[in-house]
Amino acid sequence: MNRIDPVKVPIMKKATAIISVILALVFAANAQKVESTDQADAAAAALKVFQTLQKQDWAGLFHIVSFSPALQKQMPNDSSEFARQFVSGLNENAEDAAATRKLFDGMSEIKVGTAVVTGNKAAVPASCRITIEGNSLVFNGTANMIKLGNVWRWDMTSSDDPAEATETALTALLGMPMN
């Protein structure tokens, strides 16, 4: 029969306590790394949203946006078809199409801040300058992002109505003019 030396028991307890503290610190450090990575990834994805809109790359938009499950079922599965349908819908009203082009053509000085991550959602403070016909304003808004798997996307899951979801997301993204 093995006997435990009573002198060694306190040492084992102390060693166990020290190992527990070290493991807790390791887990905390790794959790901070994950959070830091999520913050950086969400901010990078938000910047990509602005750049995609600025370029009016509607096929590219397909890859960086997330719609509600009901809307997702109605969307084409192909980025080229998505872009074709997007442009077709945009061009239904020539005045709206021209205003949209001016808005996105006028974007410059795009900046994103540090994402505030809560679960699979992130709010990324953002700003850009929009110049239209010589008039220039700086807008401060929030890019609302959602993480699907390991990828951050622009969150348009707020409504099953595509116009309402787009308006909500774009209004938050651009925010209010500051000057």
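These notebook entries record what I looked up about the aromatic rings of this predicted model.

Entry one. I looked up the aromatic pairs and found that the structure holds five of them. For the pair of phenylalanine 67 and phenylalanine 82, I noted ring centres 6.3 Å apart and planes at 50°. Planes under 30 degrees apart would count as stacked and planes over 60 as edge-to-face, so this pair is tilted.

Entry two. I then placed both residues in the secondary structure. Phenylalanine 67 belongs to strand S1 (residues 65–67), whereas phenylalanine 82 belongs to helix H4 (residues 79–90). The pair therefore ties together parts that are 15 residues apart in sequence.

I checked the accessibility of the two rings' residues. Phenylalanine 67 has a relative accessibility of 11% and counts as buried. Phenylalanine 82, at 7%, also counts as buried, because the cut-off for buried is under 20%.

Entry four. I followed phenylalanine 82 to a further partner, phenylalanine 86. Their ring centres are 6.2 Å apart and their planes stand at 35°, so this pair is tilted. Both residues lie in helix H4, four residues apart, which is about one turn of the helix. For phenylalanine 86 I recorded a relative accessible area of 28%, and it is partly exposed.

Key:
Residues are numbered from 1 along each chain as its sequence is written. This is a predicted model: local features need pLDDT of at least 70, side-chain atom pairs count only at pLDDT 80 or more; totals for chains, interfaces and linings use all residues. Side-chain values use heavy atoms; hydrogens and water are left out. Rings of Phe, Tyr and Trp (its six-membered ring) pair if their centres lie within 6.5 Å; planes under 30 degrees apart count as stacked, over 60 as edge-to-face and the rest as tilted. Helices (H or I, at least four residues) and strands (E, at least two) are DSSP runs, numbered from the N terminus. Buried means under 20% relative accessible area, exposed over 50%, partly exposed in between (1.4 Å probe, protein chains only).
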